[in-house]
Amino acid sequence: MYSFEIGRPSTVADAVAALGKDEAQALGGGQTLIPTLKQRLASPETLVSLTGIAEMKGVCAEDGALSIGGGTNHATVAAEASAYPALAALAGGIGDPAVRNRGTIGGSLANNDPAACYPSAALASGATIVTNTREIAADDFFDGLFTTALEEGEIITSVRFPVPEAAAYMKFEQPASRFAMVGVFVAKYADGVRVAVTGGSEDGVFRWSAAEDALSANFSAEALDGVSVDADGMITDLHGSAAYRAHLIGVMTKRAVAAAQ
Amino acid sequence: MVEVTLKVNGKSVTKSVKGNTLMTEFLRDELRLTGTHVGCDTSQCGACVIHVNGEAVKGCTMFAAEADGAEVATIEGMASPDGTLSVIQQAFQDHHGLQCGFCTPGMVMSAAALLKDNPKPTEAEVRDYLEGNLCRCTGYHNIVKAIMAASGQDVSSIAAE
Ligand SMILES: Cc1cc2nc3c(=O)[nH]c(=O)nc-3n(C[C@H](O)[C@H](O)[C@H](O)COP(=O)(O)OP(=O)(O)OC[C@H]3O[C@@H](n4cnc5c(N)ncnc54)[C@H](O)[C@@H]3O)c2cc1C
Ligand code: FES
Ligand code: FES
């Protein structure tokens, strides 16, 4: 690792001020950033740790929505998001227990790894990403691989999920990393069904509108018979071809619908 | 450099650390507590698992500067000062839960975190909890068996002796 200083502010305001300096970067749980620093793929002069900021932690249910602090770790979401069971289950399936004790929802969404779990939940739920300066709809937040609408120095302070009538996340794990080979989050709301897919596309997480239309008309696995994803633009790597991933998306979506019944 | 004060296995420690000092480096190089092993240094193997404020974390994926004010427990704190092994450590010995022993500190620390939250886990829960702990020797059966035994459950049906 290159050398850098670490600051540990205790309020969002102090963190924002510290991030205003040249070459400063936020440090969430470090479960992605520390391996990146070890590979010398990032060279911040200052890391601003968000782990000491109490106002960014916690899970709170209100008015049919679940609000989760941006610095809340995966283990806490798994244990406390009982108002939104599919989201709690997703958090409990990320990595392993030690990763879940450090990694945070804010870090996962900010990182927008094309195979990460949380982006699919945020997109399928039509969640709102709340930062120190504004609110961003999930539909406007994810911007392709490892890219988001966040400005330099902007911090995700919380994420608000409208709680659906029914939902499920199905992840086909890449067995070595436990990230999603393909993960599908299906959420049924009064005004329609939303389906978001992670791990599949070369452009990162996306909504599968053909499946949304079919499921909004008839919320059953059979409704997806004959609905398929084009393999064009899907990821091909040593774990699976584009055609395999496209097929897997159909299978995992059906399983998610069946699990959500 | 930043000054940190923390408790390690119950003892208070104050030291100056660099921003990029990992917990594994702090424990092994500064405090000479070399029981916490570094197998991969890439967050994959779990040989470096320690407890920070009672929670299992990978010491290779946390900065020492972030442990300011924390209570840290390592494998060195598991046995009694007179050398009597903890229940989990003794179960690993009794059930051949280790061969080369490299993964064992992390395995024991993960097991201790599991049993604290879930005193009577099922075999499937034990295996699931050990997802982030790799062992290249045992094939896991006897590790699972040791942890089940340490939780006071009958292990006669779990893998052969
Ligand atoms: C072994 C292993 C297995 C894993 N398995 C999975 C898996 O199955 N599914 C999955 O989804 N993920 C998985 N992960 C990734 C894990 O979920 C990370 O915790 C997560 O991607 C990043 O969160 P973090 O809090 O650790 O962020 P960090 O690593 O600290 O930061 C990541 C990025 O986000 C920025 N950032 C952090 N917090 C904020 C914030 N609040 N606001 C704005 N920017 C911020 C940082 O500057 C950095 O650029 C795994 C990781 C490991 C090591
Ligand atoms: S050394 Fe930390 S996970 Fe392998
Ligand atoms: S006993 Fe050798 S790695 Fe586990």
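Predicted model: local features only at pLDDT ≥ 70, side-chain atom pairs only at ≥ 80, totals over all residues.
**Entry 1: chain A, domains**

The assignment gives domain 1 at 5–49, domain 2 at 56–162 and domain 3 at 166–260. I then looked at domains 2 and 3 of chain A, whose C-alpha centres are 19 Å apart. Their contact involves 22 residues of domain 2 of chain A and 23 residues of domain 3 of chain A.

Which elements of domain 2 of chain A give two or more residues to the side that touches domain 3 of chain A? I found helix 4 (85–92) and helix 7 (118–124) of chain A.

**Entry 2: chain B, domains**

Next I turned to chain B, which is assigned domain 1 (2–77) and domain 2 (87–150). I get 21 Å between the C-alpha centres of these two domains of chain B. Domain 1 of chain B puts 15 residues into the contact, and domain 2 of chain B puts in 11 residues.

On the domain 1 side of that contact in chain B, strand 3 (49–52) and strand 4 each supply at least two residues. Strand 3 of chain B gives the most, with 3 residues. The classes on this side of domain 1 of chain B come to 7 nonpolar, 7 polar and 1 charged.

**Entry 3: where the chains meet**

I checked the contact between the chains and found 23 residues of chain B against 22 residues of chain A. Strand 4 (residues 55–58) of chain B turned up again, with the largest share of the chain B side that touches chain A, 4 residues. I noted the classes on that side of chain B as 9 nonpolar, 7 polar and 7 charged.

**Entry 4: ligand 1**

Last, the ligand. I count 35 residues around ligand 1, and the closest are A:Gly28, A:Gly95, A:Gly103, A:Gly106 and A:Gly107.

Why do I call the site shared between chains? Ligand 1 is surrounded by residues from both chain A and chain B, so the site is shared.

I listed the elements with two or more residues in the shell around ligand 1: strand 2 (24–27), helix 5 (97–102) and helix 6 (105–111) of chain A. Helix 6 of chain A gives the most to this shell, 5 residues. By class I have 14 nonpolar, 18 polar and 3 charged residues in the shell around ligand 1.

Key. Residues numbered from 1 in each chain as written. Chains lettered and ligands numbered in written order. Domains from an automatic or database assignment. Contact = placed C-beta atoms within 7 Å. Nonpolar A, V, L, I, M, F, W, Y, C, P; charged D, E, K, R; others polar. Near = placed C-beta within 6 Å.
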